[in-house]
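I opened this one to look at cores, helix packing and sheets. Notes go down in the order I looked things up.

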Amino acid sequence: MSDELIQMGHGAGGLLMRRLVADVFARHFDNAALRELDDAATLTLPPGQVAFTTDAYVVKPLFFPGGDVGKLAVCGTVNDLAVMGAVPRYLSASFTLEEGLPLATLARVVVSMAAAAQEAGVEIVCGDTKVVARGEADGLFITTAGIGVFDGGGPARAPLEAGDAVVLSGTLGDHGVAVMVAREQFKLEATIESDCAPLGGLCAAMREAAPGLKFMRDPTRGGLAAALNEVAAAYGVGVEIYEENIPFNEDVVAVCEILGLDPLLVANEGRVVAVAPAAEAEALVAAMRNHPLGARAAVIGEVVAEPKRVFVRTTVGGTRILEMPLADQLPRIC
């Protein structure tokens, strides 16, 4: 396998494709539903609502400090389910492979996906493979879809009120900056690891510690700025955040200053921002800090009635509007 390259035949439905499925995907994703290799997986779900989501992952480079495209594809979809209050259960995975991709690279990604799925407590139960000609893709793209179930009866959503606390699980911008540094186009020597991680366990601990938890979101593309502006628009409220309370990795801040980036707009893949009643904020933060993925959790702001915008109370006592970003500062980071 170490010298083999992906050929057009690996996506043609013949013997090459069957060998690829058996030797790579079925071998590493092994579970009862996938083992049947039917046209669709047969699943047993509890009664009531389920959460269903999908996302595509086109990160460049494929491997970066703290993760890779495979881990990202699992964690990203798992996290979209977890912040809805659902327990992630099943994933599908669709691969678009470029002719000439080393088979060993694909296997390394699949092994990483299997490890991430095990950590997240989900099974990859179905999938698809397509191969495109050289130059028609950039190595490897992955699309995952996920199903989660609600063990508490439904999505975690409630009206937001002035005085509600805004809570963040950890440092911002680590993923986006780690991927950018890994591209080596800026010749930076910072040692920054992506925060890429599955949030299911942390979100479950948060829901248990704060029964009145009103909202959760993973601040991915567009970073915290996009997530909070979406909250403000959806709920018709304003949000004030306190710059001095926001946890940052010093190296991330330094790289952002060099490149003129705002770390509040940089993507994350293992962080959660939440809104909870002020009376539950202390217990919520304590529970988050007891989880490995929430060690630097903090109350970073509050919901306000007016103005219905997102603004930052700066460390020098001023304020600035935090706008919804027009586009990603850094392309192809997730």
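My entries on cores, helices, strands and one threonine follow.

**Ground rules.** I'm working with a predicted model, where local features need pLDDT of at least 70, side-chain atom pairs count only at pLDDT 80 or more, and totals for chains, interfaces and linings use all residues. Residues are numbered from 1 along each chain as its sequence is written, and side-chain values use heavy atoms, with hydrogens and water left out.

**Cores.** I started with the largest nonpolar core, which has 51 residues. By nonpolar core I mean buried Ala, Val, Leu, Ile, Met, Phe, Trp, Tyr and Cys residues joined through side-chain atoms within 4.5 Å. Buried is under 20% relative accessible area, exposed is over 50%, and partly exposed is in between, with a 1.4 Å probe and protein chains only. F29, F95, L97, L106, M113, L140 and V177 touch the most other members. Elements giving two or more residues to this core include helix 1 (15-28), helix 3 (69-82), strand 4 (87-98) and helix 4 (103-120). I take helices (H or I, at least four residues) and strands (E, at least two) as DSSP runs, numbered from the N terminus. Helix 4 supplies the largest share of the core, 9 residues.

I then listed the contacts of F95, contact being heavy atoms within 4.5 Å. Leaving out residues up to four places away in sequence, F95 touches F25, F29, L106, V110, M113, D128, T129, K130, L140, F141 and I142. There is also a second, separate core of 26 residues, with L160, A227, L228 and L322 among them.

**Helix 1 on helix 4.** How do these two axes cross? They come within 8 Å and cross at roughly 25°. That makes helix 1 roughly parallel to helix 4. My axes are lines fitted to C-alpha atoms, for helices over the stretch in contact, with angles from 0 to 180 degrees between N-to-C directions. Angles under 35 degrees count as roughly parallel, over 145 as roughly antiparallel, 65 to 115 as roughly perpendicular and the rest as oblique. On the helix 1 side I found L20, V24, F25 and H28, meeting L103, L106, A107, V110, V111 and A114 of helix 4.

Two strands pair if DSSP finds at least two bridges between them. Strands 1 and 6 are antiparallel over 8 bridges, and F52 sits opposite I147 in strand 6.

**Strand 10.** I checked both faces of strand 10 (residues 273-276): V273 and V275 on one side and A274 and A276 on the other are all buried. Strand 7 (residues 165-168) joins strand 10 by 4 bridges, antiparallel, with L168 opposite V273. Strand 8 (residues 215-217) is also antiparallel to strand 10, over 3 bridges, and M216 has A274 as its bridge partner.
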